Amino acid sequence: MIKFTTLLISSFLLISSVYASETSIYKKSAVIPLDEAFNSVYLELEERNFYVVFEANIGKNIARFKEKWAEDYNTNKLGGIRSMVFCNGWFANKVSNIDPTMLALCPLRLTVIEHSGQTHILFVKPSIVGKDSPALDVLNNIEKTVIEAINAAME
């Protein structure tokens, strides 16, 4: 009985941690090329007055280490990894007026990966990071706007 209870509690903790990580990251997937999804979300963000200030082709950068890392290189067989850093000055000002600590989220970022024939856009939800912040309403608005851009890009 003790083994069963321990197994049950361990399973619950594992499921809880997986659930927490799933809910803290917004993920949208579609069967479209990575570059198309990346370019589309870039444009959708700019339509909502978020401006991309930096782009990183992480997959290309780590590919330089393929020989050095050997069997540890890209074990999930990702077809690409690209990231963008973006900001909206109006939102940044609103957050800074309410809770300057939440400027740790500024600028925002998202990552686009290709895996198993699908492209996935991954975005850490500001509402989870700032769940106890007085700026939560603004963070929810930011999150909603970015998720709208992601959804529009992946349709």
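Helices here are DSSP runs of H or I with at least four residues, strands are runs of E with at least two, and both are numbered from the N terminus. With that in hand, S133 goes in the loop between α6 (126–129) and α7. I'll come back to that serine.

Quick housekeeping, then. This is a predicted model, so to speak of a local feature I need pLDDT of at least 70, and side-chain atom pairs count only at pLDDT 80 or more, while totals for chains, interfaces and linings use all residues. Residues are numbered from 1 along each chain as its sequence is written, and side-chain values use heavy atoms, with hydrogens and water left out.

Okay, the overall layout. The chain has 7 helices and 5 strands, and from the N terminus the order reads α-β-α-β-α-α-β-α-β-β-α-α. There are 155 residues, and 35% of them count as buried; buried means under 20% relative accessible area, exposed means over 50%, and partly exposed is in between, with a 1.4 Å probe and protein chains only. Now contacts, meaning heavy atoms within 4.5 Å. Take those with a separation of 6 or more: 75% come from residues 24 or more positions apart.

Next, the core. By nonpolar core I mean a set of buried Ala, Val, Leu, Ile, Met, Phe, Trp, Tyr and Cys residues joined through side-chain atoms within 4.5 Å. The largest one has 30 residues, and L45, F86, L110, I142, V146 and I150 have the most contacts inside it. Two or more residues each come from β1 (25–30), α2 (34–47), β3 (80–87), α5 (89–98), β4 (108–115), β5 (118–124) and α7 (136–153). The largest share is from α7, with 8 residues.

On to the rings. Phe, Tyr and Trp rings (six-membered ring for Trp) pair if their centres lie within 6.5 Å; planes under 30 degrees apart are stacked, over 60 edge-to-face, and the rest tilted. That rule gives 5 aromatic pairs. F50 and F91 are stacked, 5.6 Å centre to centre with 25° between the planes. They're 41 residues apart, with F50 in the loop between α2 and β2 (51–56) and F91 in helix α5. Why is the W90 and F91 pair edge-to-face? Because the planes are at 65°, with the centres 5.3 Å apart. W90 is exposed, at 53% relative accessible area, whereas F91 is buried at 8%. Zoom out and ring pairs link F50, F86, W90, F91 and F123 into a cluster.

Points are joined across faces, edges and corners, and volume is the space filled by probe spheres set on them. The search finds 1 cavity of 30 Å³ or more. The largest cavity holds about 130 Å³. It is lined by 16 residues, with A92, L105, C106, L108 and I142 closest to the centre. α5 gives the most to that lining, 3 residues.

And back to S133, as promised. Buried or exposed? Buried, because its relative accessible area is 10%. Neighbours within four places aside, S133 is in contact with D99, M102 and L139.

How values were computed. On a 1 Å grid over the protein atoms alone, a cavity is a set of points where a 1.4 Å probe fits but cannot get out, and a pocket is an open set with protein on both sides within 12 Å along at least five of seven lines; lining residues have an atom within 4 Å of a point.
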